[in-house]
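Please keep the sequence and the model in view while reading.

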Amino acid sequence: MGLAASQARFLAITSRKLNCEFQSMQIAQEKLSVTRDLQKAAQEYQNSLSATKLIWDCDTVDNDVYNLSYDLMMKPSAINEYDPYLITDTKGKIVLSESMWNAAVAAGIIDEKTGNPLGGLLKMGSANSVNDGSRNAFLYQLGYQNAIDPSTLNSIVALGDRGYTNSGIGGEIVDKTIATIMNTTAFINTMQNQKYDNDIKDANGNVVHKKGDLVYGFNLSDLKLTDANGNSQDIKFSNKTTLGLNNDDKDKCILTKNDTSVVTPSQFANMSLADILTGKYVVSYYGNGADDKSEFTKIATKLLDEMAKILGKDAGGEAKGLNVTSQANDCLNIAYEFTKSLLNGDPINTGERGNIYKDLQGDISSANETNAIVSGGNNTYSISISNLLNAFLTNFVIAMEGYDCGLNIKRDSKKDSNYITEYLDYNFQLATEGAVVERDMLNADFYNQLYNQLCTNGASTDAIKRQKITDNNYLAHALKNGQLFVSTLNSDGYFYQGPYTMSAHIAEVKDEDAIARAEAEYNTTKSKLNYKEETLEIEMKNLDTEISALTTEFDTVKGLISKSVEKVFTMFN
């Protein structure tokens, strides 16, 4: 029985030892696989270090760069200076997106099978054109395909003959340098010195600005309020030349500079926004006791409204002042609302000082230190329009740059506020005086160029390109590999095709985002593989220990079996 038990134990040990050795071989193979995966991940990461992307450098509007996209090149904006940067194939045909292709075909501009231009084109068409091959028909179909905003479409059509040009086929090139970049100092100097070259008339032909007037002039004597019945009424200013108000000045304002110097009505004309920014101008009001605070809030709001309009708010599609992009337009409205909110609520109480002169003097001094309306009693109210203008510009920049830009406005404290005008190196974008700045005209010229080029060169019929062209990765890959080209407007009024490297705005740069993503992915993969390798190492050590123990037991049992067999043979002999 002892021999049989030893033999059974021997077989069990042999089986277990062979199984452990097999598992050890499997783990060794897994470790080799982990090593190969780690080498592969390292190689992929190394390759990603040379990753590049195509960007758009917009040096005419701001100092920023944008990732290259089809919409950025093929939709009008200040970024592309309202000129299309046409994506073309090796045959020179324009690669349209699916929606633009459908619009061009439906408008009767190009043949659906060949992409070639149809005859009898290059015409504006009527306001009701739908499929006659005209530009208006193209605009209509773009609107139907949701490739153009309806308001943009209607404003272009409303221009009539004035909005149709031979741009892109040798016609006169429109000056579209709608914005100039300037630092804070230059911005203030421009507002101080820039004057109109010609008379500026309104829609009715009335001269609203004479030749030689300051573009950023602020004429307080022209300010008017609208009463509850919709009637226009002047804001009344006192004729006093020295600080002080009396009963004859009820319902009137007085404008002071640097606390005590009074600005007379005759000096109001053409006072510039730069004067207001660089001085300490305060408008004060002497009420008659009937809802004075409400009346002065209307006056302060009107002052803010006029300053905001001079800087481009409510420009009605025209690039004016700071209103040079759709983003700037939105930010001007946001800045206006936030600045207007400073005028709400109860006035900051400066304390009654006993008589109208002292109250007025105290209010003016306090107003210079706040961004709100102040009042010390005796029916006097004051607001610093210099601080109000600084607050408006600051709120504009906050809206443009984001709330983490480091600027802030405190209603009750100028000292705790952080105005943008304190940063002399900030770059403002100001509309260029004399350039074509009417946004409707700029949009019209953009689509004129696109339409004229379709009529001249046609469009690519490659359906795959149409479907993929709006994918930024595909666009960049195709441009970098010479599958697609860029056609741009030349100084002679014609479009010429070339590689993307010939464009003044498109550049190839290191793709820091892709590299960062690859590094994060590599670190994650490396961490997982290292953990797996460590786990396999532990399992390998456990198996080695078990194999060593089994080997010792194997030798012991083998020795016992040998002695038992020897004893049996000896006994029978």
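## Salt bridges

A salt bridge is counted here where a side-chain nitrogen of Lys or Arg lies within 4 Å of a carboxyl oxygen of Asp or Glu. The structure is a predicted model, and by this rule the count in it comes to seven salt bridges. Side chains of opposite charge can pair when their charged atoms come close. One of the salt bridges is formed by Asp249 with Lys240, whose closest N and O atoms are 3.7 Å apart. Asp249 is buried, with a relative accessible area of 5%, whereas Lys240 counts as partly exposed at 26% relative accessibility.

Another salt bridge joins Asp314 to Lys313, with the closest N and O atoms 2.8 Å apart. Here Lys313 counts as buried, at 10% relative accessibility, while Asp314 is partly exposed, with a relative accessible area of 47%. A further salt bridge is the one in which the side chains of Lys465 and Asp462 meet, at 3.1 Å from N to O. Lys465 is buried, with a relative accessible area of 18%, and Asp462 counts as partly exposed at 28% relative accessibility.

## An open sheet of three strands

The strands β3, β20 and β21 form an open sheet in the order β3-β20-β21, and their pairing is antiparallel. The edge strands of this sheet are β3, at residues 86-88, and β21, at residues 495-498, each of which pairs on one side only. From one strand to the next, the twist averages 35°.

The pairing of β3 with strand β20, which covers residues 485-489, is antiparallel and runs over three bridges. Within this pairing, Leu86 stands opposite Ser487 in β20.

## Strands β14, β15 and β16

Strand β14 (residues 348-349) and strand β15 (residues 374-377) pair in the parallel sense, over two bridges, and Ile348 stands opposite Val374 in β15. Strand β15 is also joined by two bridges to strand β16 (residues 380-384), and these two strands run antiparallel. The bridge partner of Val374 in β16 is Ser382, so that Val374 has a place in the description of each pairing.

Strands β15 and β16 form a hairpin with two residues between them. In the turn of this hairpin, Asn378 has a positive phi of about 60°.

## Aromatic rings

A pair of aromatic rings is described by the distance of the centres and the angle of the planes. With ring centres required to lie within 6.5 Å of each other, the count comes to six aromatic pairs. The rings of Tyr285 and Phe296 have their centres 5.9 Å apart and their planes at 20°, and the pair is therefore stacked, since planes under 30 degrees apart count as stacked. This pair links distant parts of the chain, with Tyr285 in strand β13 (residues 281-286) and Phe296 in helix α8 (residues 292-310), 11 residues apart. Both Tyr285 and Phe296 are buried.

Ring pairs also link Phe187, Tyr426 and Phe428 into a cluster.

## Residues brought together from separate places in the sequence

Phe218 lies in strand β7, which covers residues 217-218, and is buried, with a relative accessible area of 1%. Although Phe218 and Phe268 are 50 residues apart in sequence, their C-alpha atoms are 7.7 Å apart in space.

Glu172 has its place in the loop between α5 (150-158) and β4 (179-183), and this residue is exposed, with a relative accessible area of 72%. The C-alpha atoms of Glu172 and Asp492 are separated by 8.6 Å, while the two residues are 320 residues apart along the chain.

## A nonpolar patch on the surface

On the surface, Val130, Tyr140 and Tyr144 form a nonpolar patch, and together these residues have about 310 Å² of accessible area. Val130 is placed in the loop between α3 (98-106) and α4 (135-144). With a relative accessible area of 31%, Val130 is partly exposed, and this value meets the requirement that residues of a patch have over 30% relative accessible area.

Key:
Residues numbered from 1 in each chain as written. Predicted model: local features only at pLDDT ≥ 70, side-chain atom pairs only at ≥ 80, totals over all residues. Heavy atoms only, no water. Patch = residues over 30% accessible without salt bridge, like charges linked within 9 Å, V, L, I, M, F, W, Y side chains within 5 Å. Areas by Shrake-Rupley, 256 points an atom, 1.4 Å probe, with all protein chains shown as cover. Helix = DSSP H or I, 4+ residues; strand = E, 2+ residues; numbered from the N terminus. Buried < 20%, exposed > 50% of the residue type's maximum accessible area, 1.4 Å probe, protein only. Pairing = 2+ DSSP bridges. Axes fitted to C-alpha atoms, helices over the stretch in contact; angles between N-to-C directions. Phe/Tyr/Trp six-rings, centres within 6.5 Å; stacked < 30°, edge-to-face > 60°.
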